[in-house]
Amino acid sequence: MGRNSRSLWRTLMWAAPGIDALRTNPRVGASFPRPPVAKASFSLPRFCSTEVEPHFSPDLIKIMEQRLSAIEHRSAFLQNLINQPEASPTEYSRANKELRKLRDSMELINELRTKQKEIDGLKTMMDENVEDRDMLGMVTEELDEAVKEEKRLQQLLLQSLLPRDDADERGSILEVRAGTGGEEASLFAMDIFKMYERYSQKKGWKFEVVDITESDLRGYKEASAAISGIGVYGKLKFESGVHRVQRVPVTEKSGRVHTSAVSVAILPQANEVDVQLRNEDLRIDTYRSGGSGGQHANTTNSAVRITHIPSGMVVSIQDERSQHMNKAKALKVLCARLYELERSRMHLDRSKLRSEQIGSGDRSERIRTYNFPQGRVTDHRVGITHHAIDDMLQGEILDAFIDALLLQQEMDAIASFSSSDP
Amino acid sequence: MKPTTLRPSFTRAWPCMASNFSTFFFQLPPPPPLAHARNIAHQVRHRRIHSSLSAPPPPLLASSPPSQPLPLFLRPPKYTTTVLDLLEWHSWAKSHRRLCRLNWLMEDVLHGFDPSLMRKAVARDDPDVIISSRADVQELYSLWKQRMEERRPFQYIVGCEHWRDLILCVREGVLIPRPETAIIVDLVGDAISKDEGLREGLWVDLGTGSGAIAIGIAKILGNYGSVIATDLSPVAIQVASFNVEIYSLEDKIEVREGSWLEPLKGVEGKVAGLVSNPPYIPSDGISGLQAEVGRHEPRLALDGGAEGMDDLLHLCNGAASMLKPGGFFAFETNGEKQCKFLVDYMQNQLPGSFCNVNTVSDFAGIQRFVIGFRNR
């Protein structure tokens, strides 16, 4: 989260008791060596974005109100257009389509307006019954309820107004690559790869190994997998980046702690249609051992290399039991990479503020440290540390990090929502 | 020689195994969509049981050779083995990994394997966990010896070959389908997409062997058309029929026994497409073939006569008489020399019979196929 958005955020949100609850929450055993945001700035109740009930600042409410009335006006305008008999069929269908998009928001807005009227009514009643204590008590209670409901509706509306990433619902391609640190990095790459495998199994996602290049000690120099399920990318997208490990490698005789690094990339899965893949853009090279081929040779070695000519991107897959399988896997990876390329291109076009946020896809960013001697895992973006490194590698507590990152993303989005012009 | 006490630590003895196993087993692809095949396997098993009780065994199919031996992956998992025995065999086999596809063999042999069970066994140093398997460990030793010492093709060892998106059963006496040959199916797909009329017609795969091309074509034809697959070899007829049955394509593919065009009496001039991967290796090249091919695969499917073109030329003439106007043909050849000769032959010796005669290269860039259409 960038400096700007953080201070912005502070001006928008009011203090809440959540953060202390989080600090001492024994369930996740989390501690904050450095609070991610000043204590007074916002609430972080239990790492779960759906439970967030931030107290809206007047600024944010004002901005949101402007957006809401804009939607109401637009909706009324379109409704009017549809009711006019002289509207052309194209105008009609276009208006209808837009109305359908606005329908969910409009329903919420109508609910909110009803609630707000109710609140006004209750307030008037309070003014009129200042003397009657029983009556006042009842009305206050009802008012509290209504205000709570109003907040809930505002929260829902806010979420619906925030920019959403369409890729969140998709499956993803996981790529793990050993970085600096030689064999030790490869061994850790294997640990990380298996961590995601176990996490996926726990989530009920399908984890399919695409390709593994082993190192001499049977670690993974490179490994990739296709993870399928609903919302996989939305959960895992913040795992992209450099994961650092500090431990005594099995290869180290003197017991010295080494630091090595593994890079992780999470790409949303895509198909040929998403990336508008054309056959003529692909060069597919298929390898068999040399010689005359055909009936002369019987080998079980197979490899496919697909080159995407316009981008120069190359994906090779080998050693599936048929060339067909090699090709299918290579295409899957290629589509995901092309899709990601397209997305990052669009990303660059957006404001600088946005690129500073988490999930910007910067693979060189060091995001997490796994320190074995101290038994801790620290995420550098949200500043959270967990002291259960073994559970982490078993995929048990990854959710704690993921939820914190999702929450922060949501807050960043709120911050940039209110900073942009309505 | 397995000490029951004082057994060396399991994980210490096979440290790499521990990690290797888990990675390997996580890679297991889902079982092929072969519920039907399992039913067949079931029937065959029953027949076998009967045959052991009462001689003589009833033949599985009408043809003469003994009943179809099942490929490993379709056999019933009637054996059990301890993890220890399996690992012992695995590390032995691995030390002979020269031509190895050990993982694939494991994939086919182990039944309903639960990777977490293996991980637990390794983690708890408990090698006596029982797992069920489709082959006895002793058989695994002998299979792997055959692979190493006799250079028996891996596909014959496991009894199947993964080809395109199919798993085809193969055994001695039937040519193992080659990856290149899959291109013929793609070429048929291209032809059909350009002329939808071809889709509804009759397709013929001559010298079908395992039935690979015929099944590949039947699948792209979908609900239209039909296929005749022919072969001279009774073993091939049996294997092809078995594969057709596995993919439930009995209504779509008719397997006929006989030499080249002989089984096609009655459909002259009515065939929409004619394809073949006939023997095309020149006779004097047979002795120099790779051991797996020359020593184990059927000469009938490889030896194409002095120039390797005896059968190809026969098929070219056959295509002229069998194909209907606009019909498509595709033949696999030994390479550029044969391709050029055949194109020339079709244009000059059979003038007016064909149009758009062309050569198509394989993955390695070798001109491998001759394709074209019967003149309208």
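Start at Arg100(A): its relative accessible area is 48%, so Arg100(A) is partly exposed. The terms work like this: buried is under 20% relative accessible area, exposed is over 50%, and partly exposed lies in between, with a 1.4 Å probe and protein chains only. Arg100(A) sits in helix α4 (residues 89-128) of chain A. Helices (H or I, at least four residues) and strands (E, at least two) are DSSP runs, numbered from the N terminus.

Before moving on, note that this is a predicted model, where local features need pLDDT of at least 70, side-chain atom pairs count only at pLDDT 80 or more, and totals for chains, interfaces and linings use all residues. Residues are numbered from 1 along each chain as its sequence is written, chains are lettered from A and ligands numbered from 1 in the order in which they are written, and side-chain values use heavy atoms, with hydrogens and water left out.

**Charged patches on chain A**

With Arg100(A), they form a positive surface patch. Patches take residues with over 30% relative accessible area and no salt bridge; like charges are joined within 9 Å, and nonpolar side chains (Val, Leu, Ile, Met, Phe, Trp, Tyr) within 5 Å. Lys and Arg count as positive, Asp and Glu as negative; His and the chain ends are not counted. Each charge is placed at NZ of Lys, CZ of Arg, CG of Asp or CD of Glu. Accessible areas come from the Shrake-Rupley method with a 1.4 Å probe, and for residues only the protein chains shown count as cover.

Now select Asp144(A), in helix α5 (residues 133-161) of chain A.

**Salt bridges**

Side chains of opposite charge can pair when their charged atoms come close. A salt bridge here is a side-chain nitrogen of Lys or Arg within 4 Å of a carboxyl oxygen of Asp or Glu. The count over all chains is 39 salt bridges.

Select Arg247(A) and Asp191(A). Their side chains form a salt bridge at 3.0 Å, N to O. The pair links distant parts of the chain, 56 residues apart: Arg247(A) is in strand β5 (residues 241-247), Asp191(A) in helix α6 (residues 182-203). Arg247(A) is buried, at 13% relative accessibility. Asp191(A) is partly exposed, at 22%.

Next, pick Lys235(A) and Asp399(A). Their salt bridge spans 3.8 Å, N to O. Lys235(A) lies in helix α7 (residues 232-236) and Asp399(A) in helix α11 (residues 398-419), 164 residues apart.

Which chains does the next pair connect? Select Arg321(A) and Asp108(B), whose side chains meet in a salt bridge at 3.0 Å, N to O. The pair crosses from chain A, in the loop between β9 (313-318) and α8 (323-349), to helix α5 (residues 102-109) of chain B. Arg321(A) is buried at 10% relative accessibility. Asp108(B) is buried too, at 6%.

**Over to chain B**

Go to His296(B), in the loop between α12 (291-294) and α13 (310-322). Is His296(B) buried or exposed? His296(B) is buried, with a relative accessible area of 17%. A polar atom of its side chain lies 2.7 Å from the backbone oxygen of Glu150(B).

Finish at Val255(B), in strand β7 (residues 253-257) of chain B. Val255(B) is partly exposed, at 23% relative accessibility. Show Thr230(B) as well: Val255(B) and Thr230(B) are 25 residues apart in sequence and 5.8 Å apart in space, C-alpha to C-alpha.

Technical notes: Polar contact = N/O pair within 3.5 Å; in protein donor to acceptor, adjacent residues only side chain to side chain.
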